[in-house]
Amino acid sequence: MTTSSTQRRPGTVAHAFADLMNDHDPDAVDGFIAADYINHNPFVEDGREANRVFWTQWFAAFPDTEVSLDDVLVDRDRVAGRFTYRATFQGPFMGLPPTGRAVVMHSIDIWRVVDGMAVEHWDQLDGQAFFAQLTGDADNR
C-alpha cells in the first residue's frame, strides 16, 4: 500500500510519516512529532528539530525518494509501520559522495503516541546493507 497526501487516510503517525517521505516535506514533522521526541536511532538525534534536519539532508541526497507503507499496526499507545524506501543517491549523505546508484531500504518503525503526537521512536533496518548499496559494496556480494 502506498500512502501519499492524495491518498491520506486519517489516523496514524505511520501514515503521516509516509506522507512526509512521499511529499518530500521535512516540515511535516510539525504535525506528528513532539518537540521533545525521543529517537532510539543512532543516526538521528532526539527532538523534532533534529528530525527535520535529518529529513532535509535525506531529501538533498535522495530527492526522488518514494516510500510505501506495507503494514501498519496499532496497539494502545503504539503505532508500528513496515516501510519500503526506493531512491537514487544523488547528493552527499553522511560524508559519502553521491554515486547515482538506486537504493532500496526496508524498515520497521514503532512510535509511542500521546495525544496524536509521536513522543518516542524505535526502528529496525539493515544499515549495513543500505550503506553497502550507497558505496557500491553491495554489487560485490
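Modeller: The largest cavity holds about 290 Å³ of space. The model is predicted, so local features need a pLDDT of at least 70 and side-chain atom pairs count only at pLDDT 80 or more, while totals for chains, interfaces and linings use all residues. Residues are numbered from 1 along each chain as its sequence is written, and side-chain values use heavy atoms, with hydrogens and water left out.

A cavity is a set of points, on a 1 Å grid over the protein atoms alone, where a 1.4 Å probe fits but cannot get out; its lining residues have an atom within 4 Å of a point. Points are joined across faces, edges and corners, and the volume is the space filled by probe spheres set on them. Under this rule there is one cavity of 30 Å³ or more. The largest cavity is lined by 23 residues, and those closest to its centre are Asn 41, Phe 54, Trp 55, Asp 123 and Leu 125.

The elements around the cavity come next. Helices (H or I, at least four residues) and strands (E, at least two) are DSSP runs, numbered from the N terminus. At least two lining residues come from each of E1, H2, E4, E5 and H3. H2 gives the most to the lining of the largest cavity, with four residues.

That makes H2 the element to follow. H2 has 14 residues and spans 20 Å from its first C-alpha to its last, close to the expected 20 Å; the expected span is 1.5 Å times one less than the number of residues. Which residues of H2 are buried? They are Arg 48, Asn 51, Arg 52, Phe 54, Trp 55, Trp 58, Phe 59 and Ala 61. Buried means under 20% relative accessible area, exposed means over 50%, and partly exposed lies in between, with a 1.4 Å probe and protein chains only. An α-helix has 3.6 residues a turn, so residues three or four places apart point the same way. The buried residues of H2 pack against H1, E1, E3, E4, E5 (117-125) and H3, where contact means heavy atoms within 4.5 Å.

Rings of Phe, Tyr and Trp (its six-membered ring) pair if their centres lie within 6.5 Å; planes under 30 degrees apart are stacked, over 60 edge-to-face, and the rest tilted. The whole structure has 19 aromatic pairs. In one of them, Trp 58 and Phe 93 sit edge-to-face, with centres 5.5 Å apart and 90 degrees between the planes. This pair links distant parts of the chain, 35 residues apart: Trp 58 is in helix H2 (residues 48-61), and Phe 93 is in the loop between strand E3 (78-88) and strand E4 (102-114). Trp 58 and Phe 93 are both buried. Phe 62 and Phe 130 form a tilted pair, because their ring centres are 6.0 Å apart and their planes are at 50 degrees. That pair also links distant parts of the chain: Phe 62 lies in the loop between H2 and strand E2 (66-75), Phe 130 in helix H3 (residues 127-135), 68 residues apart. Phe 62 counts as buried because its relative accessibility is 0%, and Phe 130 counts as buried at 4%.

After H3 comes Gly 136, with a positive phi near 95 degrees.

The largest one has 33 residues, of which Met 21, Trp 58, Phe 62, Phe 83, Phe 93 and Trp 111 touch the most other members. Helix H1 (13-23), strand E1 (33-40), H2, E2, E3, E4 and H3 each supply at least two of its residues. H1 gives the most to this core, with seven residues. In soluble globular proteins, nonpolar side chains tend to be buried together.

Finally, Pro 97 lies in the loop between E3 and E4 and counts as exposed at 54% relative accessibility. Pro 97 and Ala 61 are 36 residues apart in sequence, with 9.2 Å from C-alpha to C-alpha.

Methods
A nonpolar core is a set of buried Ala, Val, Leu, Ile, Met, Phe, Trp, Tyr and Cys residues joined through side-chain atoms within 4.5 Å. On a 1 Å grid over the protein atoms alone, a cavity is a set of points where a 1.4 Å probe fits but cannot get out, and a pocket is an open set with protein on both sides within 12 Å along at least five of seven lines; lining residues have an atom within 4 Å of a point.
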